Amino acid sequence: MTETEELVGDEPRELPRYLVDVVEDACTLLDPVALGQVIRRFGRRSRAAVDSTVPSGRRAVLVQLMEEMCEGPERLAPLVRHLEVREGNTTVIQRLKAAYAAWEVELFTTEEWNEVLVLLDGVRVPDLRRWYADFLHGRGRSLPPAYCTEPWSVFLHAATLNARPGESLPCFQVLRQLALVADGERHLALADWADAHDFAPPEPDTRRDEPAVKTSESLRTDVWSPTSYLVIRLRPLLDSERPTDVLLSYWWRVQPGHQQRGTDRRIALGQAEKTVRELIHRAESDWGYLKTDIAVEFVLPRALLDLRVERWRKTAFQGVGGVLGEEHHVVLRSLDRHDRRDLHGRWGSRWRVFSEGNAGRVHWFPEDGRAHLLSDPPPAVVVLSSAPGSARRAAGAHGRTDELGEALRAGVPVVLWDRRGPADTAFRAQLRDLLARHDLRGLPGVVKALRIAAADRDPEANAVVGRHVALLWDDPDRMPVVPARSSHEAAPTVVEEGR
């Protein structure tokens, strides 16, 4: 291979005239000083022509620069990106990107490259290179080149990669994920473009094992399952000198992307609200491009379920604060059941029946007995007669049924109760009417709307329910990633039944 040629098969591949023409057109926008800066930045040997006292033609210098850059692994992409940054996405720069892409990757025609690059121009993803690095890492590939900082350059690089057997090409996978953060019409246009050009889409996955983290392809649209969420777990610390110390762990997922875990924090329970406020403020700052709100899920032990996390305050703006449960879908999850793997089978079974719309009617404590809780089709939604804290104290004092314990042990994924303690008649009547009128698989959205209406004191709303309802929504298909056990965490204790 010579300095000016690259072998493709057995034939040398030279720079085509049309590509040199469009680079020259783009560089005519630069004055001689700016052109000299570009050549000195990207050319080692080419800069000698700029510094020489012997005059050289602009085109000859550009050809020398392009041939020199083509020897490197990134080829002409850094030059194209630099010109775009300097001049903006003008018509000339658009033609340059399409011409370079068509020459670099012969997967599409110049016209097709122009179509997709124009569509990608309106997509904005902060820290795109890190996102793309995560995408490649998840597929066992090395880090992306430094020039992958714009959607078009990411797509171009992805178009140079081969697909695994049975999968779409990585460029189509990237395009479909970028479409998820695009505006409505652009989202549809990108998805349609990918469908029209991807002639080998992956076959449906018929494996029985569900993924630990749901993907957008596997989500049911009739079951609430957020694509972007923050999971916060509070676990009491048994090795602490203060009984109120907890270990705060958190996970997040932003679509597109994989679930990631943050750094654990030892905090006093009284600092939990402030710490969560800071986490959500940072998340909303980092993920400001999202088109949907971030769901917030609290994984709590029985002893902390009385925390009114949905009423926690958010960071104020110009003296105006927000309430977590009014601006986000806020749900509770059971840490105790997460730690009991022997309960996961029946939990997952009830969830599948529930998500398919085949669950039994709502179970109401105390009027519905154990026989109904264990009946077929199994109930997937349970309403407690009292808040878990007060109910457990009463159960211990009077020998009553531990309603929450019974529901969780049976595998019930959705539980509701009145935060104030024993539910009053008005609360239960409104809640019964609410559950009869709505698809229970969308309860988190219904509860969020009720909380907003209750804050506005809407006379038409179910104000009592909106102000005081607690919702435990435990999706076994979306579990936090389990890392190696922290030295601060005690191993889950299993207490035998009846002890």
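**Close-up views of a predicted model**

**View 1. Helices H7 and H9 are therefore oblique to each other.** In this predicted model, H7 (residues 110–120) and H9 (residues 151–158) pack at an angle of about 135°, and their axes are 8 Å apart. Angles under 35 degrees count as roughly parallel, over 145 as roughly antiparallel, 65 to 115 as roughly perpendicular and the rest as oblique. Axes are lines fitted to C-alpha atoms, for helices over the stretch in contact, with angles from 0 to 180 degrees between N-to-C directions. Trp113, Val116, Leu117 and Leu120 of H7 meet Pro151, Trp152, Phe155 and Leu156 of H9 in the contact (heavy atoms within 4.5 Å). By class, this contact has eight nonpolar, no polar and no charged residues. Ala, Val, Leu, Ile, Met, Phe, Trp, Tyr, Cys and Pro count as nonpolar, Asp, Glu, Lys and Arg as charged, and the others, Gly among them, as polar. Helices (H or I, at least four residues) and strands (E, at least two) are DSSP runs, numbered from the N terminus.

**View 2. The largest cavity has a volume of about 40 Å³.** A search of the whole structure finds one cavity of 30 Å³ or more. A cavity is a set of points on a 1 Å grid over the protein atoms alone where a 1.4 Å probe fits but cannot get out, and lining residues have an atom within 4 Å of a point. Points are joined across faces, edges and corners, and the volume is the space filled by probe spheres set on them. The lining consists of Arg139, Arg141, Asn162, Ala163, Arg164, Glu167, Pro170 and Gln173; by class, two are nonpolar, two polar and four charged.

**View 3. Tyr100 and Trp103 both lie in helix H6 (residues 91–104).** They are three residues apart, about one turn of the helix. The structure holds 14 aromatic pairs. Among them, Tyr100 and Trp103 form a tilted pair, 6.3 Å centre to centre with 40° between the planes. Rings of Phe, Tyr and Trp (its six-membered ring) pair if their centres lie within 6.5 Å; planes under 30 degrees apart count as stacked, over 60 as edge-to-face and the rest as tilted.

**View 4. A cis peptide bond joins Phe365 and Pro366, with omega about 0°.** Pro366 lies in the loop between strand S9 (363–364) and helix H16 (370–373). Another cis peptide bond, with omega about 5°, joins Asp376 and Pro377. Pro377 is placed in the loop between H16 and strand S10 (381–383).

**Notes.** Residues are numbered from 1 along each chain as its sequence is written, and side-chain values use heavy atoms, without hydrogens or water. Local features need pLDDT of at least 70, side-chain atom pairs count only at pLDDT 80 or more, and totals for chains, interfaces and linings use all residues.

Notes: 1 Å grid on protein atoms, 1.4 Å probe; cavity = no way out; pocket = protein on both sides within 12 Å on 5 of 7 lines; lining within 4 Å.
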